[in-house]
Amino acid sequence: MKKHGHAIVLIGFMGAGKSSVGRTLARMTGRRRFDTDEMVATRFGLTISQIFEKRGEERFRDAESEALEELSGEADAIIVTGGGIVMRQANTARLRELGTVIFLSADEETLFQRISRRPTRPLLQTTDPRATLKELLRTRLPLYRAAADVEVDTSGLTHDEVARKVLERIDEDERTRVEPEG
Ligand code: S3P
């Protein structure tokens with residue numbers, strides 16, 4: 001697929017560190033940062049949990065896709081996404097047009113530990129959050145991998161270390177990328 005932008009696009013599961021690494025990358029590179037969760041929350045004037053509760057997941061997903069559309073002019077930004085963004089094929093196509101898509105991965109145990117520190121995610125408010133996490137991971141892992149240009153394993157790394165790895169991998173990816181014609 002032809003790329004149009006040079007944005008750095010972060011995808012991955014809840015707890016992968018997308019928001020923190022996005023901030024670190026913005027600091028390191030001086031680029032502007034956009035976070036689709038923040039854009040949606042601002043638009044509704046509600047937290048993500050409140051949006052799920054009052055408007056429902058479908059309305060959240062529509063607003064998430066609309067936020068991505070608004071980012072079309074942001075070719076050089078850092079773009080942070082919510083963990084479910086890859087569930088819509090059109091979103092994935094859009095992300096790939098915006099720039100290099102980085103999948104921040106981590107093993108299940110690491111994700112669970114990180115998520116448990118801030119237990120606000122509406123999708124994990126279930127009787128058995130660990131089982132829910134496992135199931136969501138099983139269905140989403142192939143989607144993240146299919147959407148990404150580069151995967152960076154964040155397990156055991158600080159945000160600064162992950163950010164540096166992301167920048168190194170983008171350099172490599174750009175050096176070796178063969179763009180299709182057209
Ligand atoms: C979601 C992840 C959340 C947020 C919403 C749904 C998901 O973002 O968009 O709660 O479906 O995985 P984070 O990945 O930043 O937690």
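The legends below describe several views of one predicted protein chain.

Residues are numbered from 1 along the chain as its sequence is written, and side-chain values use heavy atoms, with hydrogens and water left out. Since the model is predicted, local features need pLDDT of at least 70 and side-chain atom pairs count only at pLDDT 80 or more, whereas totals for chains, interfaces and linings use all residues.

**View 1. The chain holds eight helices and five strands.** Helices (H or I, at least four residues) and strands (E, at least two) are DSSP runs, numbered from the N terminus. Read from that end, the order of the elements is β-α-β-α-α-α-β-α-β-α-α-β-α.

**View 2. The C-alpha trace spans about 50 × 35 × 30 Å along its principal axes.** The radius of gyration of the chain is 16 Å, which agrees with the value near 16 Å for a compact globule with 182 residues; the radius is taken over C-alpha atoms, and the globule rule is 2.2 Å times the number of residues to the power 0.38. Of the contacts in the chain with a separation of 6 or more, 75% come from residues 24 or more positions apart, where contact means heavy atoms within 4.5 Å.

**View 3. The accessible surface of the chain comes to about 9400 Å².** Carbon and sulfur atoms make up 49% of this surface, with areas from the Shrake-Rupley method with a 1.4 Å probe. Of the 182 residues, 46% count as buried, a term that means under 20% relative accessible area, while exposed means over 50% and partly exposed lies in between (1.4 Å probe, protein chains only).

**View 4. Phe 52 and Phe 60 form a tilted aromatic pair.** This is one of two aromatic pairs in the structure; rings of Phe, Tyr and Trp (its six-membered ring) pair if their centres lie within 6.5 Å, and planes under 30 degrees apart count as stacked, over 60 as edge-to-face and the rest as tilted. Here the ring centres are 4.9 Å apart and the planes stand at 40 degrees, so the pair is tilted. Phe 52 counts as buried at 15% relative accessibility, and Phe 60 is buried too, with a relative accessible area of 3%.

**View 5. Phe 103 and Tyr 144 form a stacked aromatic pair.** Their rings are 5.0 Å apart from centre to centre, with 20 degrees between the planes. Because Phe 103 lies in strand E4 (residues 99-105) and Tyr 144 in helix H7 (residues 129-147), the pair ties together parts that are 41 residues apart in sequence. Phe 103 is buried at 2% relative accessibility, and Tyr 144 is buried at 1%.
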